Amino acid sequence: MSQKQDSRSRAEDSGSVVATLRKLIIEGHYAAGSRVAEIAVAEALGVSRTPVRIAFRTLEQEGLLQPAGKRGFVVREFSDHDVQCALEVRGVLEGLAARRLAERGMPDAVRQTLQGCVDEGGRLLAKGHLTQEDVGAWSRLNNRFHRAIVESIESSVIADAIARNNHLPFASADSIIIDPASLDREYEKLRFAQLQHQLVFEALEQRESARVEMLMREHAYIGLRYGKLFGLQAGSIGSASSRSTHPSGTA
C-alpha cells in the first residue's frame with residue numbers, strides 16, 4: 001500500500017475527517033457563510049467523498065454547518081459568546097442530571113457503562129501518546145459516558161433540553177476539538193479529561209450529589225479553557241464569523 005493510500009485509509013477509518021474539518025472551520029479556513037462542497041473538501045483532505053459526506057452530517061448536527069439547497073452546506077456564523085453560553089448550559093444540565101443520579105443511586109447498568117468508559121479511556125491513554133485512530137475512539141467513549149448520565153434520569157426533560165442545546169456549535173459532548181498536528185499536547189488534555197471522568201464516577205459511587213454536580217459543570221469547559229494549559233494554540237474557541245478580527249482557536 002502506498003503512503004497516500006495508507007494515509008487515506010487511516011483518515012477514513014479513524015473519523016479524523018470530522019476532527020480535521022472542525023479545526024479548519026474554527027480556524028477560519030472555511031469562513032462563515034461560505035459554501036462547502038464534498039468534492040472540493042475530499043480533494044483538499046485527500047480522502048474519498050463518503051467520509052466527507054458523513055462529516056458534513058455530523059457537523060450539521062453539531063451546529064457548525066447549515067443546509068444550503070438539496071445537497072450543499074454553508075458554514076454557520078456564530079460568536080465566542082454563543083459558544084460559551086452553549087457550554088455553560090450543557091454544564092448546568094449535565095450537572096443537574098449527575099446530581100439527581102447521585103441522589104437516587106446508580107443502577108447497575110449505568111454503573112457498568114460508566115466503569116466501562118473509564119476503563120476504556122485508561123487503556124486508550126495507557127501507551128502515553130495519541131494516534132489518529134484514538135481521536136474517534138475517545139469521542140465515542142466520551143459520548144457514551146455523558147449519555148449514560150443524562151439518560152439515567154427517568155424524566156426526559158433534561159435529555160430533551162440538552163438535545164436542543166447540542167445544535168449550537170461545540171455544545172455536544174462528542175464535539176471536543178483535537179488538533180491532529182499537536183497530538184502530544186492533546187494527549188495531556190485528554191488525560192485530564194480522563195481524570196475528571198474518574199472523579200465524576202467516584203462521586204457518583206459515593207452519592208456526593210453537590211460534588212458531582214460541580215465536577216460535571218467544570219468538565220464542560222475542558223474544550224474551551226484547558227488547551228492553553230497544555231501549550232495548545234487554542235486557549236479559547238474562536239468563531240468562524242469573527243475570524244478576521246478575533247483570531248483564536250480551540251482545543
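Mentor: We will go through the sheet, then the cysteines, then a pair of helices.
Mentor: This is a predicted model, where local features need pLDDT of at least 70, side-chain atom pairs count only at pLDDT 80 or more, and totals for chains, interfaces and linings use all residues. Residues are numbered from 1 along each chain as its sequence is written, and side-chain values use heavy atoms, with hydrogens and water left out.

Trainee: What order do the strands of the open sheet have?
Mentor: The three strands run in the order β1-β3-β2, with antiparallel pairing. Strands are DSSP runs of E of at least two residues, helices are runs of H or I of at least four, and both are numbered from the N terminus. Two strands pair if DSSP finds at least two bridges between them.

Trainee: Which strands stand at the edges?
Mentor: β1 (35-36) and β2 (65-68) do; each has a single partner strand, so one side of each is left without a neighbour in the sheet.

Trainee: How many bridges join β1 to β3?
Mentor: Two, and the strands run antiparallel. β2 pairs with β3 (residues 72-75) over four bridges, also in the antiparallel sense. Phenylalanine 73 in β3 stands opposite valine 36 and opposite proline 67.

Trainee: Which way do the β3 residues point?
Mentor: Gly72 and Val74 point one way, Phe73 and Val75 the other, and all are buried. Buried means under 20% relative accessible area, exposed over 50%, and partly exposed in between, with a 1.4 Å probe and protein chains only.

Trainee: What about the hairpin of β2 and β3?
Mentor: Three residues lie between the strands, and glycine 69 takes a positive phi near 85°.

Trainee: Is cysteine 117 buried or exposed?
Mentor: Cysteine 117 is buried, at 1% relative accessible area. Cysteine 85 is partly exposed, at 33%.

Trainee: And the helices: at what angle do α6 and α9 cross?
Mentor: The axes of α6 (residues 108-125) and α9 (residues 183-205) cross at roughly 155° and come within 10 Å. Axes are lines fitted to C-alpha atoms, for helices over the stretch in contact, with angles from 0 to 180 degrees between N-to-C directions.
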